[in-house]
Amino acid sequence: HEVLAWLRRSFELIDAHLSEAGLETLVKQGAWGNTYQVWAEGDAAAYVLARAAVEISHGLIARNEWGGMHFCFGIHSGEVVVGTIGKKCPRWEAVGDAMRASLRIARAMEAPGVLVSEAAAA
């Protein structure tokens with residue numbers, strides 16, 4: 001399907017940019033629907049992620065493949081708890097207010113772009 005192919009190409013572009021971002025620790029939390037969520041560690045993690053998000057946005061726009069769809073990047077900073085959840089189909093997860101806040105920030109945006117919370121900007 002055309003939408004799945006677009007998402008696949010977009011997520012591959014995001015993967016490539018983030019792998020080259022130079023973060024101490026970067027873990028892809030998941031990619032489902034139009035959501036791609038990561039968590040990272042490091043003194044400048046929020047800045048590096050914001051810079052990568054801007055580059056990713058420019059890369060997606062340059063490819064002119066938006067087709068009415070867009071990515072919004074919400075960046076927040078805070079504590080997360082990381083571990084395996086579930087027994088039958090275990091999944092490694094990072095959970096906590098910081099993960100939920102970044103998702104809420106991204107979902108609140110109505111146009112493509114990058115929004116950094118005050119906590120991440122500090």
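**Close-up views of the predicted model**

**Figure 1. The largest pocket and its lining.** Two or more lining residues are contributed by each of α1 (2–19), β2 (35–41), α2 (45–62), β3 (72–75) and α3 (97–108). The lining comprises 37 residues, and those nearest the centre of the pocket are V38, G74, I75, H76 and S102.

**Figure 2. Composition of the pocket lining.** Strand β2 provides the largest share of the lining of the largest pocket, namely seven residues. By residue type, the lining of this pocket consists of 24 nonpolar, 10 polar and three charged residues.

**Figure 3. The hairpin of β4 and β5.** Strands β4 (residues 81–85) and β5 (residues 91–95) run antiparallel and are joined by five bridges. Among the paired residues, I85 has R91 of β5 as its bridge partner. Five residues separate the two strands of the hairpin, and G86, which lies in the turn, adopts a positive phi of about 100°.

**Figure 4. Length of helix α1.** The end C-alpha atoms of α1 lie 26 Å apart, which agrees with the 26 Å that its 18 residues should span at 1.5 Å a residue.

Figure 5. The buried residues of α1 are W6, L7, S10, F11, L13, I14 and L18. These residues lie on the same side of α1, because they cover an arc of only 155° around the axis. An α-helix has 3.6 residues a turn, so residues three or four places apart point the same way. On the face of α1 turned away from its buried side are the exposed residues E2, L4 and S19.

Methods
Residues numbered from 1 in each chain as written. Predicted model: local features only at pLDDT ≥ 70, side-chain atom pairs only at ≥ 80, totals over all residues. Heavy atoms only, no water. 1 Å grid on protein atoms, 1.4 Å probe; cavity = no way out; pocket = protein on both sides within 12 Å on 5 of 7 lines; lining within 4 Å. Helix = DSSP H or I, 4+ residues; strand = E, 2+ residues; numbered from the N terminus. Nonpolar A, V, L, I, M, F, W, Y, C, P; charged D, E, K, R; others polar. Pairing = 2+ DSSP bridges. Expected span 1.5 Å × (residues − 1). Buried < 20%, exposed > 50% of the residue type's maximum accessible area, 1.4 Å probe, protein only. Arc of directions from axis to C-beta.
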